[in-house]
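Morning, everyone. Let's take a quick look at one protein model together. Please have the sequence and the 3D view open.

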Amino acid sequence: MKLLVINPNISDDVTALIESEALRSASPGTELVVRTAGHGVEYIETRFESLIAAGAVAEIMAEYTAEAAGSPAASAKIDGVVVAAFGDPGMPALKELADVPVIGITEAALCAAALQGHRFSIIAISDRIRPWYLDCVERFGLGGRLASIRSINESLNAIGSVQQDFKETLLALSRQAVTEDGADVVILAGAPLAGLARELRGQIPVPVVDGISAGIRMAEAVVGLQSGPHRAGAFAPPPVKARRGLSEALDAALAAA
């Protein structure tokens with residue numbers, strides 16, 4: 001199968017982290033197409049930044065909609081999409097655009113955590129990001145199982161070096177989530193932390209979920225189910241109506257949908 005993995009922020013350093021962990025997580029035979037948002041912000045912390053990122057993700061998805069005849073990537077038919085930023089920018093609305101499964105790393109990580117324990121904690125890269133993450137957990141109906149959201153409360157030097165700069169802080173926050181908040185599972189949230197769960201394995205006394213790894217494996221599983229596309233219901237394609245000012249690829253994707 002072929003998965004389109006999209007980094008919704010503009011940081012190439014983060015895309016490299018995403019790709020490395022995605023390659024380690026993917027099953028043999030899974031091909032990955034990894035893309036970076038064409039516009040947006042360095043990293044996403046707020047609801048408004050998520051709104052900007054959603055449009056960038058939609059543009060990339062539209063390029064890979066096989067039915068969009070004018071799309072430069074139209075021949076590269078994909079089997080599923082992974083939105084690789086915690087908070088799942090544009091989700092669940094993006095599920096309306098494609099006829100293949102679209103999986104966000106937040107929903108994947110939450111599902112993985114819920115399968116491994118009753119209460120989970122999220123470890124985040126900034127205090128500012130916490131309200132948005134709380135919204136996401138509640139939207140998925142798992143607010144009652146959230147033990148805590150703990151976060152780094154210092155300025156970041158660079159988004160691509162968060163793991164190196166704050167490894168001990170992230171480890172301490174994870175342990176506090178277990179001992180003080182009662183977490184049965186810890187989620188290391190966000191693409192900048194991709195791969196850190198592997199490095200910290202054995203140092204945290206509960207299962208640790210990596211969002212990128214969860215996103216890839218869940219996407220493979222859902223694609224493998226061959227459940228079929230949405231043709232009705234809440235995630236049916238948008239209805240036909242007049243459009244103006246859209247990119248060629250996005251307009252074609254909507255027309256095909």
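Start with glycine 182, in the loop between α5 (162-179) and β7 (185-188). Keep in mind that this is a predicted model.

Is glycine 182 buried, partly exposed or exposed? Its relative accessible area is 34%. Buried would be under 20%, and exposed would be over 50%. So glycine 182 counts as partly exposed.

Who touches glycine 182? Leave out residues up to four places away in sequence, and the contacts are Arg119, Ala147 and Ala177. Look at alanine 147. In sequence, glycine 182 and alanine 147 are 35 residues apart. In space, their C-alpha atoms are 6.4 Å apart.

The largest pocket holds about 360 Å³ of space. It is lined by 15 residues, and those closest to its centre are Val100, Pro101, Val222, Gly228 and His230. Both β4 (102-104) and α7 (211-225) supply at least two lining residues each. By class, that lining has nine nonpolar, four polar and two charged residues.

Next, the second largest pocket. Its space is about 240 Å³. Here 17 residues form the lining, with Arg201, Val208, Val209, Asp210 and Ser213 closest to the centre. Two or more lining residues come from each of α6 (196-200), β8 (208-210) and α7.

Which element gives the most to this second lining? That is α7, with four residues. By class, the second largest pocket is lined by 10 nonpolar, two polar and five charged residues.

Technical notes. Residues numbered from 1 in each chain as written. Predicted model: local features only at pLDDT ≥ 70, side-chain atom pairs only at ≥ 80, totals over all residues. Heavy atoms only, no water. 1 Å grid on protein atoms, 1.4 Å probe; cavity = no way out; pocket = protein on both sides within 12 Å on 5 of 7 lines; lining within 4 Å. Points joined across faces, edges and corners; volume = space filled by probe spheres on them. Nonpolar A, V, L, I, M, F, W, Y, C, P; charged D, E, K, R; others polar. Buried < 20%, exposed > 50% of the residue type's maximum accessible area, 1.4 Å probe, protein only. Contact = heavy atoms within 4.5 Å.
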